[in-house]
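Please examine the sequence and the structure before reading on.

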2 protein chains.
Amino acid sequence: MAVSARRGLPLTSEEIYAAALRLIDTAGVDALSMRKLAADLDVNPMSLYHHVESKTGLLRGVCRLVDSRLQLPPDDGSPWQDQLRALAHAYRSIAQSHPSLWLHVNSHPGVIDQKGELWTVYNRILVAAGVPFDELAHTRKALVAFVIGLISSETIGFLQALGEEEGETDADATFEVAVDLIIASLEARHSRT
Amino acid sequence: MAVSARRGLPLTSEEIYAAALRLIDTAGVDALSMRKLAADLDVNPMSLYHHVESKTGLLRGVCRLVDSRLQLPPDDGSPWQDQLRALAHAYRSIAQSHPSLWLHVNSHPGVIDQKGELWTVYNRILVAAGVPFDELAHTRKALVAFVIGLISSETIGFLQALGEEEGETDADATFEVAVDLIIASLEARHSRT
DNA sequence: ACCTGAACACCGTTCAAGT
DNA sequence: ACCTGAACACCGTTCAAGT
């Protein structure tokens, strides 16, 4: 009762992040404002600042939330091709769930603090693919760039298509072909055959 | 004299686009505002609206300006590998000149109206590379995604490194390796050898 | 500890009025 | 035709005050 005039429970940052993510998915990152978010939570705009440092901090929190949902392929003994495919699809599924946030993150350096664990997984897969140690960094960078480019292009196309008539996007097929292409090129360069 | 209290000459949209581009390159797209742009041009904020429809229209104009500077490889008889490399580098050089604008465009569908001519050039190169007609669309999409992903990753890294100590970026080498990888993979799939 | 209202320094844009 | 000031509906954020 002593908590708020408009709500029964105190705010939590988790609650704030979740609401922000919902608004972002609905109307896009650019349409998110502290004041709209507060209205959505039925709360005074200034209350947010007790749980979130700033709008930038809010966005970082939302990204962490989404990041934590990324399903990294486990280190079982399965072929590196399968693991790479799984990773690409996990990434893609996150982008499809939150297209606007995805594009925002991938064009705003610094919103994501560090992808340490992700790098580790990529490296593990590349080692399994036979990439020599001194080419690991180059190859990982290129690989990550390819995957991100693929997904970004698809996401842009998806958002663009919302306002047009365009028939089937055929995106699944394009994505599969592209991932196969990446895998094939890794096989060609480093396999012992 | 009857033109403006603060300037001798009437505004032109070209002048506006050029000034906006300068501000964007200096402080980033997010920091651009109609009011700052007007101040930079020594002009009343509202005067801009006689030459530019809106802030979105302004951004589109700036993109057209930058787009017109893209050096598309000519249709001489040179090997498709060289042409692809040239195209990738032309693209890259634009991103390096205007990193913030580049990232903005590649995450905001609709700022660029159509890249008709660019598509044509890509298709020409892919045909020369032996890509069969019915795989043209898929392959072009993947190729464009790869190149854009490569350049975007590099650009993000570049902007990120501005605030850190990080030594040499080694970006040139990574880029070269990645473009070689793309070319090799096209050669492997479609050459007649 | 958590919330809140008023206030400040910004935005993009409309509109009626000026030359 | 081109410019302009005032005004409107928004922003993010600070701060002093409330419980």
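A residue is near a molecule or strand if one of its heavy atoms lies within 4 Å of it. Of the 20 residues around DNA strand D, those that come nearest are Arg35(A), Met46(A), Tyr49(A), His50(B) and His51(B). The model is predicted, so local features need pLDDT of at least 70 and side-chain atom pairs count only at pLDDT 80 or more, while totals for chains, interfaces and linings use all residues. Residues are numbered from 1 along each chain as its sequence is written, chains are lettered from A and ligands numbered from 1 in the order in which they are written, and side-chain values use heavy atoms, with hydrogens and water left out.

**DNA strand D**

- Sugar or phosphate accounts for 47% of the atoms of DNA strand D within 4 Å of the protein, and bases for the rest.
- The side chain of Ser47(B) has an N or O atom 2.8 Å from a phosphate oxygen of DNA strand D.
- The side chain of His50(B) instead has an N or O atom 3.0 Å from a base nitrogen of DNA strand D.

**Chain B and chain A**

- In contact (heavy atoms within 4.5 Å) are 30 residues of chain B and 29 residues of chain A.
- Between chain B and chain A there are zero salt bridges, a salt bridge being a side-chain nitrogen of Lys or Arg within 4 Å of a carboxyl oxygen of Asp or Glu.

Methods. Polar contact = N/O pair within 3.5 Å; in protein donor to acceptor, adjacent residues only side chain to side chain.
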